Amino acid sequence: MSRPPMFQRATVTRVIKETADARTFVLAPHEGPITYRAGQYCTFRVEVDGQTLYRSYSMSSSPDADDELCTTVKRVPGGKVSNWLLDNIADGDTLDMTRAFGTFCLKESDRPVIGYSGGSGITPILSLAKSALTATDRDVYLLCADRDPDAAIFTAALDELLTRYPDRLTVQRSFDIENGFLTAEAVAKFLGDLSDADHYICGPEPFMDLVEDTVTGRGTVFVERFGGAAQLPEGAETETATATAADTGEEVSGTITIKLKRKKVTVSREAGETILEAARRGGLTPPFSCEAGNCATCMAHLDEGTATMRVNDALEDDEIEDGYTLTCQAVPDCATTVVTYED
Ligand SMILES: Cc1cc2nc3c(=O)[nH]c(=O)nc-3n(C[C@H](O)[C@H](O)[C@H](O)COP(=O)(O)OP(=O)(O)OC[C@H]3O[C@@H](n4cnc5c(N)ncnc54)[C@H](O)[C@@H]3O)c2cc1C
Ligand code: FES
């Protein structure tokens with residue numbers, strides 16, 4: 001269980017204005033360059049109006065093509081963290097961030113790489129495209145959907161890649177303002193007779209559903225989901241936890257002990273309840289963000305016992321073997337469970 005602390009400080013060496021609503025933050029982690037793979041993300045911890053909030057942001061840089069580590073954030077209307085970052089973070093400021101997580105990465109293959117992005121979904125797709133073009137011989141096709149040309153992030157970066165890789169890169173744009181939302185027919189037309197490829201999809205949920213439905217059967221599909229449950233207000237969480245446990249009707253016995261910072265609580269085990277829910281029921285406020293198994297913000301170490309994750313789109317096999325689990329998804333399946341949240 002010897003692992004560096006979950007969070008480290010990073011200096012934002014530059015803020016780049018990509019569009020009216022999107023900024024790239026160039027990051028210099030204080031403990032030296034981090035190891036990451038194209039398509040991965042880091043989770044950031046920020047204080048907004050006295051509240052500690054956690055959000056994940058994908059790398060727009062590629063470890064194979066770029067010297068700098070960059071993440072790109074787009075405003076979500078009414079969103080707490082995206083707006084705070086864009087309105088408050090300037091050159092020279094610092095942020096707390098984790099190491100890189102995520103499994104939305106290039107898989108070993110010689111098939112074409114096809115990326116589908118909607119809005120800020122271009123962030124990991126650009127990283128994947130740069131790595132595929134730089135580190136492999138694979139052809140890359142991108143279908144990028146945006147509201148209008150002014151909202152499209154990385155137009156210049158993609159134009160530059162097109163100049164550098166004219167025979168291996170194809171970029172097709174779709175603007176809502178011109179054609180309406182992307183349709184299944186447009187996706188099928190873009191694909192032509194490409195029947196065996198690796199498809200990487202990231203964007204708003206309806207966009208992802210449409211593309212996924214259309215490309216299924218034409219190769220392997222990988223998805224990265226940005227959206228997630230917003231944080232629940234204090235109090236509502238306990239109701240959710242109790243309802244989940246009661247709904248299963250199953251009788252269980254045993255305890256869950258949770259260690260968070262200098263606190264340690266032990267609660268009785270409830271059927272169907274996740275470790276995160278148990279921790280909240282015990283009065284703790286552990287870190288979390290998506291509550292959907294996508295972001296690893298809620299990761300903790302299983303010191304004792306075993307638990308089954310309902311969904312895991314964040315941890316790699318070796319991390320699970322090392323005893324880590326996503327507490328928002330992990331339901332203990334033994335009488336005694338002890339977990340530690342690392343700071
Ligand atoms: C693995 C992962 C990688 C991500 N990478 C990026 C990235 O590279 N760039 C980027 O800009 N964002 C990315 N996100 C999304 C990001 O983590 C935040 O969810 C987003 O910035 C909204 O946070 P917020 O605090 O501003 O909004 P919140 O205050 O959390 O939410 C405000 C409202 O907006 C809704 N909402 C939340 N997220 C979204 C969303 N993404 N789109 C539309 N509505 C939403 C909520 O349901 C809520 O109603 C990623 C998310 C995940 C899980
Ligand atoms: S809170 Fe995102 S994986 Fe658990």
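Student: Which residue does E316 form a salt bridge with, and how far apart are the closest N and O atoms?

Tutor: E316 pairs with R37, and the closest N and O atoms are 2.6 Å apart. A salt bridge here is a side-chain nitrogen of Lys or Arg within 4 Å of a carboxyl oxygen of Asp or Glu. The model is predicted, so local features need pLDDT of at least 70 and side-chain atom pairs count only at pLDDT 80 or more, while totals for chains, interfaces and linings use all residues. Residues are numbered from 1 along each chain as its sequence is written, and side-chain values use heavy atoms, with hydrogens and water left out.

Student: How is the chain divided into domains?

Tutor: Domain 1 covers 7-98, domain 2 covers 113-224 and domain 3 covers 236-341. The bounds come from an automatic or database domain assignment.

Student: How far apart are the centres of domain 1 and domain 3?

Tutor: Taken over C-alpha atoms, the centres are separated by 28 Å. The contact (heavy atoms within 4.5 Å) takes 7 residues from domain 1 and 9 residues from domain 3.

Student: What area is buried between domain 1 and domain 3?

Tutor: About 550 Å², with carbon and sulfur atoms giving 38% of that. Buried area is the accessible area (1.4 Å probe) that two parts lose on being put together, summed over both. In domain 1, R37, Y41 and Y54 lose the most area to domain 3, together 67% of what that side buries.

Student: How many salt bridges and polar contacts cross that interface?

Tutor: The rule finds 1 salt bridge across the interface of domain 1 and domain 3. It also finds 6 residue pairs in polar contact there, both residues at pLDDT 80 or more. A polar contact is a pair of N or O atoms within 3.5 Å; within protein, one must be able to donate a hydrogen and the other to accept it, and residues adjacent in sequence count only if both atoms are side-chain atoms.

Student: Which strand gives the largest share of the domain 1 side?

Tutor: β4, with 3 residues. Strands (E, at least two residues) and helices (H or I, at least four) are DSSP runs, numbered from the N terminus.

Student: Now the whole structure. How many salt bridges does the count come to?

Tutor: The count is 20. One of them joins D21 and R75 at 3.9 Å, N to O. D21 lies in the loop between β1 (7-19) and β2 (22-29), and R75 in the loop between β5 (69-74) and α1 (80-88), so the pair ties together parts that are 54 residues apart in sequence.

Student: What about D66?

Tutor: D66 forms a salt bridge with K130, the closest N and O atoms being 2.8 Å apart. D66 is in the loop between β4 (51-58) and β5, and K130 is in helix α2 (residues 122-135), so the pair links parts 64 residues apart in sequence.

Student: Are D66 and K130 buried or partly exposed?

Tutor: D66 is partly exposed at 26% relative accessibility, whereas K130 is buried at 13%. Buried means under 20% relative accessible area, exposed over 50%, and partly exposed in between (1.4 Å probe, protein chains only).

Student: Different topic. How many disulfides are there?

Tutor: The search of the whole structure finds 0 disulfides, a disulfide being a pair of cysteine sulfur atoms within 2.5 Å.

Conventions. Chains lettered and ligands numbered in written order.
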